[in-house]
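Visitor: I am new to this structure and would like to go through it by question and answer. Please show it first.

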Amino acid sequence: MQAPITARCCIAGGGPAGVMAGFLLARAGVEIVVLEKHADFFRDFRGDTIHPSTLEVMHELGLLDDFLTLPHSELVHLGAQVGETFVPLADLSHLPTRCKFIALMPQWDFLDFLARQGQRYPGFHLMMGAEATGLLRTEDTVTGVTATTSNGPVEIRAELVIAADGRHSTLRPLVGFEPTEFGAPMDILWLRLSRRAGDPADSLGRLDAGRMMVLINRDDYWQCAFVIDKGGIDQIRAAGLEAFRKEIVRLMPVFADRVAELASWDDIKLLTVAVNRLATWHKPGFLCIGDAAHAMSPIGGVGVNLAVQDAVATANILVPRFQSGHVTDADLAAVQHRREWPTRMTQRLQITAQNRVITGVLRGTQTPKPPLLLRLFGRLPILQRIPARLIGMGFRPEHVRTRPADATT
């Protein structure tokens, strides 16, 4: 057993919610420890859409210019090919934000950038290859975590533990929290195919009878989300890889010359879609944020940005409490109160889209036609500003209210 570590706050999980919360707290002078169970942030097919609301946060932190020097592509317009008809859906160019686009950037680059910025502050401690496995308690109050590391087990004693360890949170059930499941009719198969001359220029969705695919333009390749029926992966694998390649070509004939790039099932990653939410996010000494508090559908690609907004609100509310004394359970309740409404509203829209659009497409046997509302988006472009606002900024975009302590560099 290593010597115990003491910090004001211990954050389990090095995803967008955990690293951003750790950075913001340390920036304000609060000593924190972030635990990330993997040795690095490199994981393929994780959410990598950085929306205008998150880019606005980066601007408020004075980091935007440096951040945008990282390799990325920019997405201004969103649309979908519904049967034989292309439908423009969202135009982000009118948003009241500094960046009027979605930045497409590998999540590991985003997290590495935040970690480097955090290391400028003496109170920022990121432990890679360290997994939170248990909780320390004094009566009904959480007082820290136990963790496994490459150097053996360790205790981190902290005034507050933040569970940002994802939808399969280890810490969440240890306090008796179980999310309410709202269901999803689909799972996602993530894959990549090369992008070639003559391909469409923009990212888009493609909907046809019984099939649906989302294509994200990553400059030299397409990151593709092939939508399947919930739990349908075994049936697809049983039919064989060649049959799956043919399904892709039937939906996107332009890929006929490159589906052989999918050499094995190792090139195809399953995302099991879940939409859920905790009724209570907190108890004395303990708070859930990000996917640990609410798993989002991939619809709209807003999961990363909801997690970042949670982190910003957490810092805005808790930093003054850390600075003036101690964080109370009422303070943690204030975080949930601040973030629960936009979470509920976003999930409500996602569930509506799942039930009314995706279920119909996956069960359909005829070429779909866009409904009147979607056709109006093409005839009245001003309507495209509505989904742009909801996707790009969300229901309650957060702004940085904390002030920085002195950095070491």
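Visitor: Which residues in the largest nonpolar core touch the most other members?

Guide: This is a predicted model, so what follows describes computed features. The largest nonpolar core has 81 residues. Helix H7 (residues 303-324) supplies the largest share of this core, 10 residues. Those that touch the most other members are Met20, Leu25, Leu35, Phe110 and Phe286.

Visitor: How many residues are in the other core that lies apart from it?

Guide: Ala80, Val82, Leu95 and Met212 are among the members of that other core. It lies apart from the core described above, and its size is 25 residues.

Visitor: Arg27 is buried; how far away is the nearest side chain of opposite charge?

Guide: Arg27 is found in helix H1 (residues 16-27). Its side chain reaches the backbone oxygen of Thr402 at 3.2 Å, and Arg27 also touches residues including Leu61, Tyr121 and Pro404. Arg27 has no salt bridge. The nearest side chain of opposite charge is Glu60, at 8.7 Å.

Visitor: Which residue forms a salt bridge with Arg218, and is that partner buried or exposed?

Guide: Arg218 lies in the loop between strand S15 (211-217) and strand S16 (221-229), and its partner is 170 residues apart from it, in the loop between strand S2 (32-36) and strand S3 (49-50). The closest N and O atoms are 2.4 Å apart. Arg218 counts as buried because its relative accessibility is 9%. The partner, with a relative accessible area of 6%, is also buried: Asp48.

Visitor: Why are Glu247 and Arg250 separated by about one helical turn?

Guide: The two form a salt bridge, with the closest N and O atoms 2.0 Å apart. Glu247 is partly exposed at 24% relative accessible area, and Arg250 is partly exposed at 47%. An α-helix has 3.6 residues a turn, so residues three or four places apart point the same way. The separation is about one turn because, in helix H6, Glu247 and Arg250 are three residues apart.

Visitor: What arc do the buried residues of helix H10 cover around the axis?

Guide: In H10 (residues 385-392) the buried residues are Pro387, Ala388 and Gly392. They sit on the same side of H10, because the arc they cover is only 115 degrees.

Visitor: What covers the buried residues of H10?

Guide: One of the covering elements is strand S6 (85-91). The cover also includes two helices, H2 (52-60) and H9 (372-379).

Notes. Residues are numbered from 1 along each chain as its sequence is written. This is a predicted model: local features need pLDDT of at least 70, side-chain atom pairs count only at pLDDT 80 or more; totals for chains, interfaces and linings use all residues. Side-chain values use heavy atoms; hydrogens and water are left out. Buried means under 20% relative accessible area, exposed over 50%, partly exposed in between (1.4 Å probe, protein chains only). Helices (H or I, at least four residues) and strands (E, at least two) are DSSP runs, numbered from the N terminus. The arc is that of the directions from the helix axis to the C-beta atoms. Contact means heavy atoms within 4.5 Å. Lys and Arg count as positive and Asp and Glu as negative; His and the chain ends are not counted. A salt bridge is a side-chain nitrogen of Lys or Arg within 4 Å of a carboxyl oxygen of Asp or Glu. A polar contact is a pair of N or O atoms within 3.5 Å; within protein, one must be able to donate a hydrogen and the other to accept it, and residues adjacent in sequence count only if both atoms are side-chain atoms. A nonpolar core is a set of buried Ala, Val, Leu, Ile, Met, Phe, Trp, Tyr and Cys residues joined through side-chain atoms within 4.5 Å.
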